[in-house]
Amino acid sequence: MDSSPDVFSEAKLGPVTLRNRVIKAATFEASTPDALVTDDLINYHRLPAAGGVGMTTVAYCAVSPGGRTDGWQIWMRPEAVPGLLRLTDAIHAEGAAISAQIGHAGPVANARTNKAKALAPVRFFNPLSMRFAKKATIDDIREVTAAHANAARLAIDSGFDAVEVHLGHNYLASSFLSPLINRRSDEFGGSLENRAKVARGVVRAVRDAVDSYGAGKIAVTAKMNMSDGVRGGISLDESLQTAKWLEEDGALDAIELTAGSSLVNPMYLFRGDAPVKEFAANFKPPISWGIRMSGHKFFREYPYREAYLLREAKQFRAELKMPLILLGGITNRKTMDLAMSEGFEFVAMGRALLAEPDLINRIKNEKDGQNRVVSKCTHCNRCMPTIYSHTHCVVTGAPDALVR
């Protein structure tokens, strides 16, 4: 007899009970021009909440001004709390929970639009901002760690049900984990144990802040790379060891498994078409020319398939006891059931919910378990370049309105 849970059953995530096991993954909304909550941002998350997800995730709630990938993203500060309270209240009114993705973009941060110095394990040039990231000092690392703790406290004040610590995509913590990027020779470089200190440190700081400030109120999760998808980057074996350490540290309620590098190989996460021309159109010369001429070397195409990260994620499931969230190519009931049968406690969805915010309700309401509901997402990935204007699906027009 199949003992795997029903994806639409209630589930505990730390101290929080979700109405089902479907999480809307963090995808930058491009809805905060003044780095504060807007009605547009609220609508962006209200739609999938009304559409049936158990929890939605607000992307890039940076822990400091210099930790943003661009200057119009939210960073966690008292000024942001009133708007965040409006946002969390709106999601709760729809019966869903809401998580804040907190982190520091590190070498991915845009120092030009942030008007603040970016940080990296070593001095690092970002071609999109045309600025160098500064080599992080020990004091910088301490400040970033403390900023994560402060962001967690502000998330509690703002009514969030969870925080997701960003340890992926070669953002700051992930860049320290990467042997390709992290060429330091001090206590934060060299061995994996040293390279993992930033990731483990910020997670521990967040857990300690949550336990002392709002014990039992909020879950703590992390988004972590299984692999960077680039030679010399984070490997699956090293990532698995880091995950084991995080489990031993006991500071997390779940890990969402991801892949790819925002610096060198973003399509390793997204799979499907690579919209190079559409990306180039968002920049002025000479950057736009460079993207058009050599963009396919950066935006490498990988064929799309359902549950495309499952093979790697199963290795983590086999070695870890803690709850895991499967991301990547989750678009229908059959794939959700597969994830449950493989031992994953939750599934996370991005593009499919961008195309159809009410997809979960459509799947749940399907009669007789025929599994005939098909996502309208075509994996064209033309939604990706819209993060520079207003994130939406170019096929359906969502999330401007619920897709019927």
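This is a predicted model: local features need pLDDT of at least 70, side-chain atom pairs count only at pLDDT 80 or more; totals for chains, interfaces and linings use all residues.
Which residues in α7 are buried? Residues are numbered from 1 along each chain as its sequence is written, and side-chain values use heavy atoms, with hydrogens and water left out.

Now for α7, residues 197-214. Val 198, Ala 199, Val 202, Val 203, Ala 205, Val 206, Arg 207, Ala 209, Val 210 and Gly 214 are buried there, where buried means under 20% relative accessible area with a 1.4 Å probe, protein chains only. Helices here are DSSP runs of H or I with at least four residues, strands are runs of E with at least two, and both are numbered from the N terminus. With 18 residues at 1.5 Å each, α7 should span 26 Å, and its end C-alpha atoms sit 25 Å apart, which agrees; the expected span is 1.5 Å times one less than the number of residues. Just past α7, Gly 216 takes a positive phi of about 80 degrees.

Next, a helix pair. The axes of α1 (residues 39-50) and α2 (residues 81-93) come within 9 Å and cross at roughly 20 degrees; axes are lines fitted to C-alpha atoms over the stretch in contact, with angles running from 0 to 180 degrees between N-to-C directions. α1 and α2 are therefore roughly parallel to each other, a label for angles under 35 degrees. Their crossing is right-handed, meaning that the near helix is turned clockwise from the far one by less than a right angle. On the α1 side, Asp 39, Leu 41, Ile 42, His 45, Arg 46 and Ala 49 meet Arg 86, Leu 87, Ala 90 and Ile 91 of α2, with contact taken as heavy atoms within 4.5 Å.

Most residues other than glycine have a negative phi, and most peptide bonds are trans. Ala 30, in the loop between β3 (22-24) and α1, has a positive phi of about 55 degrees, and at 12% relative accessibility it counts as buried. Asn 170 also has a positive phi, near 65 degrees; you'll find Asn 170 in the loop between β9 (162-167) and α5 (172-177), buried with a relative accessible area of 2%. As for the peptide bonds, a cis one joins Pro 285 and Pro 286, with omega about 5 degrees. Pro 286 is in the loop between α10 (276-280) and α11 (287-298).

Note on methods
Angles under 35 degrees count as roughly parallel, over 145 as roughly antiparallel, 65 to 115 as roughly perpendicular and the rest as oblique. Buried means under 20% relative accessible area, exposed over 50%, partly exposed in between (1.4 Å probe, protein chains only).
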